[in-house]
Amino acid sequence: MTREQRTQVAIIGAGPAGLILARLLALEGIHSIVIERRDRAYVEHRLRAGVLEQTTVDLLRAAGVGGRMDREGLVHEGLYLQFDGVRHRIDLRELTGGRAITVYGQHEVVKDLIAARLAAGDEIVFEASDVRLCDVDADLPAIRFKVDGKERTVHCDFVAGCDGFHGVCRPAIPPGALHTYERTYPFAWLGILAQTPPSLDELIYAHHERGFALHSMRSPQLTRLYVQCDPDDSLDAWPDARVWEELHLRLSTRDGWQLREGPVVEKSITQMRSFVVEPMQYGRLFLAGDAAHVVPPTGAKGLNLAAADVKVLAEALVDWYRSGRTALLDAYSATCLRRVWRVEHFSWWMTTMLHRAPGDDAFDHRLQLAQLRYVTGSRAASTSLAENYVGLEHV
Ligand code: APR
Ligand code: PHB
């Protein structure tokens with residue numbers, strides 16, 4: 001027999017988008033059920049980016065889930081752009097009137113949100129399979145799925161499609177109702193997590209003729225590093241020794257600075273793509289986060305963009321439940337897409353300035369260096385990078 005449930009908002013996906021939305025709604029007394037395909041341990045340990053914009057930090061704090069982030073997150077007031085073997089610091093705080101970023105792993109944010117939700121007695125259905133959306137263009141949509149081999153149905157007023165790029169929500173919209181805009185890049189990132197203290201206390205984005213490299217971190221004991229690789233590379237092509245060799249070459253400076261090595265505890269390849277669908281709504285289905293748009297990781301905007309979407313969505317839903325007004329819901333897509341395209345541009349711009357594409361010649365290389373010199377040498381240009389990097393204010 002099918003178990004039937006009723007909620008106000010059915011949220012598909014327990015990534016940052018779905019969990020932040022669930023939290024914002026709960027604080028306003030709106031009932032939701034989060035439906036997630038994976039198990040709890042999987043979503044709590046999935047390694048993703050780890051840079052929180054000031055705006056995201058403020059949102060998590062205001063939602064009452066910033067305690068551990070404030071204790072354990074690393075506040076960074078600047079970052080380095082490196083080219084020609086020389087590092088140039090961008091003083092984020094000084095250039096943005098006191099704003100900064102916080103380095104705190106996305107999976108830690110996810111852990112904090114899950115703990116807060118379960119402590120409040122609200123539901124997350126893990127390991128839901130065969131998730132199907134029904135009647136999203138009618139007044140009472142339903143989500144059908146299986147858990148432990150048993151059918152369940154959740155009836156709801158609204159569906160929030162927070163199930164990432166490979167989810168089922170976006171494909172549930174008739175293709176004729178959506179426009180997609182896409183760019184795939186001819187390179188990827190090979191990322192490692194190394195058990196060693198960071199070699200510098202801030203991030204380094206390095207331009208190098210052998211390709212891009214990034215020095216980041218997760219904690220005072222864990223370093224996160226990336227090297228640009230070929231999108232067709234497999235991990236077999238990248239034994240640890242080769243990864244370290246490339247990192248040393250690309251991150252080295254002329255002043256003798258040394259990159260610390262340590263045991264590699266995780267290694268993976270991330271493909272790079274820009275992707276946007278318009279509109280981000282169909283009937284009573286609202287897409288948020290990676291379900292609606294993807295950015296390349298240069299600039300670390302994915303989680304932050306997801307947080308910005310669900311803030312807009314939560315406010316619109318709250319207004320509908322309070323007043324019956326549809327204006328904010330009707331404006332959801334257009335409101336989000338303004339920020340989405342700004343961030344798409346910033347991520348594309350950082351990516352093209354820092355990577356070496358196959359077929360790039362000396363002309364391309366010199367253009368990149370000219371741009372890097374300008375960004376690091378002009379206060380106006382570095383302010384532009386800084387304000388985008390720490391995140392533009394939420395609308
Ligand atoms: N049914 C239920 N859940 C699903 C389904 C499905 N059919 N398909 C995917 N999911 C779940 C995934 O397992 C994942 O937990 O939806 C969640 C989507 O989470 P994310 O991919 O983290 O996407 P989002 O919440 O939008 O966060 C954006 O995450 O992907 C990174 O780089 C991205 O940092 C960005 C952030
Ligand atoms: C990370 O720490 O994983 C990270 C940092 C900055 C980026 C992307 C990823 O731009």
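Helix 7 covers residues 240-251 in this predicted model. Its 12 residues reach 16 Å from the first C-alpha to the last. That is close to the 16 Å expected at 1.5 Å a residue.

Which residues of helix 7 are buried? They are Val243, Trp244, Glu246, Leu247, Arg250 and Leu251. These residues lie on the same side of helix 7, because they cover an arc of only 165° around the axis.

Now the ligand site. Ligand 2 is surrounded by 15 residues. The closest are Tyr205, Ser216, Arg218, Tyr226 and Pro297. By class, the shell divides into nine nonpolar, four polar and two charged residues.

Two strands each supply at least two residues of this shell: strand 16 (213-219) and strand 17 (222-229). Strand 16 gives the most, with three residues.

| Residue | Protein atom | Distance to an oxygen atom of ligand 2 |
|---|---|---|
| Ser216 | polar side-chain atom | 2.6 Å |
| Arg218 | polar side-chain atom | 2.7 Å |
| Ala300 | polar backbone atom | 3.3 Å |

How much of ligand 2 does the protein bury? Taken alone, ligand 2 exposes 280 Å², and the protein buries 99% of that.

Key:
Residues are numbered from 1 along each chain as its sequence is written. Chains are lettered from A and ligands numbered from 1 in the order in which they are written. This is a predicted model: local features need pLDDT of at least 70, side-chain atom pairs count only at pLDDT 80 or more; totals for chains, interfaces and linings use all residues. Side-chain values use heavy atoms; hydrogens and water are left out. Helices (H or I, at least four residues) and strands (E, at least two) are DSSP runs, numbered from the N terminus. The expected span of a helix is 1.5 Å times one less than its number of residues. Buried means under 20% relative accessible area, exposed over 50%, partly exposed in between (1.4 Å probe, protein chains only). The arc is that of the directions from the helix axis to the C-beta atoms. A residue is near a molecule or strand if one of its heavy atoms lies within 4 Å of it. A polar contact is a pair of N or O atoms within 3.5 Å; within protein, one must be able to donate a hydrogen and the other to accept it, and residues adjacent in sequence count only if both atoms are side-chain atoms. Accessible areas come from the Shrake-Rupley method with a 1.4 Å probe; for residues, only the protein chains shown count as cover. Ala, Val, Leu, Ile, Met, Phe, Trp, Tyr, Cys and Pro count as nonpolar, Asp, Glu, Lys and Arg as charged, and the others, Gly among them, as polar.
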